[in-house]
Structure formats: C-alpha cells, structure tokens
Amino acid sequence: MDSEFKIYNGIMEEQATPSIFIVSGGVGASGEQLIHTMLAQFPDDAVNVVTVGNIRQSEQIDEVLQKALLSDGLIVSTLVDSHLNNHLNREAARLNVASFDLMGPLIQWVSQKTGTEPLGQPGLYRKLHRVYYDRVAAIDFAMAHDDGKNPEDWPQAEAVIVGVSRVGKTPLSLYLAVLGWKVANYPLVPQLAIPSTLFSLEPHRVFGLTIDPHALVNFRLRRQRHIGAPGSSSYTDPVAVYEEIQDALKLFRQNGFTVINMTNKTIELGADEIIHHLSQSSGQTST
C-alpha cells in the first residue's frame, strides 16, 4: 500500500496507519466479526483493529477516546449499557472523534416496537449460549491436543486418553469434545519416552484404552492396506501387538489410570464409560 502523508506545521510527515477501536461491555466478538468482515475488502492490512472489552466505567471510555483522538482513529461501539453508550456518544461528538454506534439504534428500535425495556447486560448472548461456546472450545482443544501434541497443556484437560496405535483414541476424544469435554490423547509407541506431564496428572483423569490383540491386528492391517503401506512388520505382528498391549496395561495399572476396554465397543459406549468415571470422581472430589 502506498504511504500517505499529512502536513504538520509545514513539515511533511508520513501518516500513521489508521486504527479502529472496538468498544464493548463484553469481549467484543460481535464488533470484531463485523469489522473484520468489512476489512476483508481491504486485504493489505490497511487498518489496525484494537478491541477494548469489559467496559464498565465512563473513565475507560474516556481513555479510549483520547487514544482515538491522538491517532485520528475511529470508534465502533457495541455497548448495551445505555448510560455508558450515551457517555461515549456525547464525548465522541464533543471531541470530534468519529464513532459508530452499532447497538444503540437497534436496541432503541426493538424497544419501541415491542414496548419493552432492554436488560442492558453486556455479554448476555454469550452467557445464554455458553453451552455452544464451551463445546466449540472443547473441540478446538481436542484438535490442538490430538496425538500427543502440546503435552504442557494436559493439566487443563478434563481427561487424557492414552493407548497404543489404532485403539480409538482420536475418534473417542473428538466425540467427547462434541459433548463439551476438554480431552487430549497420547499414543503409546514402543521405545518412545512418555512426557513426564502425564504422570503429574490426577490418575482419575487419565484413561488407558485397551483392546483384544486379534482385533487390533485386524484394525492395523486395514489401516496399512488403506494407506498402501508394506505388509509384515512388528506393527501388525500378533506377538509384538500382544506384548505392546500388555506393556500398556502394566503402565495403566502401575499409575492408577482407569482402563477402558474398547473390544467390540462403539465410540459412544466408550465415551459413556469415561463420562461415568469422570462424573463419579468429580462427585467424590466435591464431597
């Protein structure tokens, strides 16, 4: 983008990148979505976007107004508190700061048409739809912590699923995430060191998956055929697979992890079993 210039006291200076300040009583998500949708029409990052959320006092508004004034910026407001919104509109007009009130006119129109007063509570939509947002956050967490990724975050998980390859860790994690549970999973690989973080977790939050060795061999053979991998190897050797499962079971028992046998069990049933254990341990913890 070509640089723009202004004249200050007879001296030509480069104009700073313009800024849009999103002012919100909540997290500012609605304002951000609208502004970034609009800015998609200007793909060269022509404008800075600054979100100022959790506005509760007029002094916070005054501070943002001063920043917008000094930077020749624009304020976009999604405030639903009428007192704060009126203060912003009044002071913006007095200081000659450009501002757009996204909520006020809409709230006023709906109020007039319905004959009811608005609640004026910031973040209410997010509160009312908390289950949805929690579910999205859980899915994001599961995706970011699939297959052993980011073990440093495991203490944030409600459950960590551990097991050998092809035992069903990922589909089980994602299914639980859709139900709103924050889940990570880790693959046990022979001769590969396990992150120490796993052993620092409360044992009731770690679930070790096991399965009948013959069933696991069939799953792995199918996987090999699907990806066109070569035939015989320790990955599908019945003796090696049996030893792999026994080593995993030994690990689970030594550390007090809950063992979930996935032999002939659907993902739904496995998830139900994990949720049952989590709910039980949560009840015991709270008492």
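1. Charges over rings. In this predicted model, the charged end of Lys182 lies over the Phe141 ring, 4.9 Å from the ring centre. Arg220 does likewise with Tyr235: its charged end sits over that ring, 4.5 Å from the centre.

2. The aromatic pair. Searching the whole structure turns up one aromatic pair. The partners are Trp154 and Tyr186, with ring centres 5.7 Å apart. Their planes meet at 70°, and planes over 60 degrees apart count as edge-to-face, so this pair is edge-to-face.

3. What the pair connects. The two residues are 32 residues apart, and their pairing links distant parts of the chain. Trp154 belongs to the loop between α6 (130-144) and β7 (159-164). Tyr186 is in strand β8, residues 183-188.

4. Are Trp154 and Tyr186 buried or exposed? The cut-off for buried is under 20% relative accessible area. Trp154 has 0% relative accessibility, so Trp154 counts as buried. Tyr186 has a relative accessible area of 6%, so Tyr186 is buried too.

5. The sheet around β8. Strand β8 is part of an open sheet of four strands. The order is β8-β7-β9-β10, and the pairing is parallel. Which strands stand at the edges? They are β8 and β10 (258-261). Each has a single partner strand, so one side of each lacks a neighbour in the sheet. From one strand to the next, the twist averages 25°.

6. The β7-β8 contact. These strands run parallel and are joined by six bridges.

How values were computed. Residues numbered from 1 in each chain as written. Predicted model: local features only at pLDDT ≥ 70, side-chain atom pairs only at ≥ 80, totals over all residues. Heavy atoms only, no water. Phe/Tyr/Trp six-rings, centres within 6.5 Å; stacked < 30°, edge-to-face > 60°. Buried < 20%, exposed > 50% of the residue type's maximum accessible area, 1.4 Å probe, protein only. Lys NZ or Arg CZ within 6 Å of the ring centre and 35° of its normal. Pairing = 2+ DSSP bridges. Axes fitted to C-alpha atoms, helices over the stretch in contact; angles between N-to-C directions.
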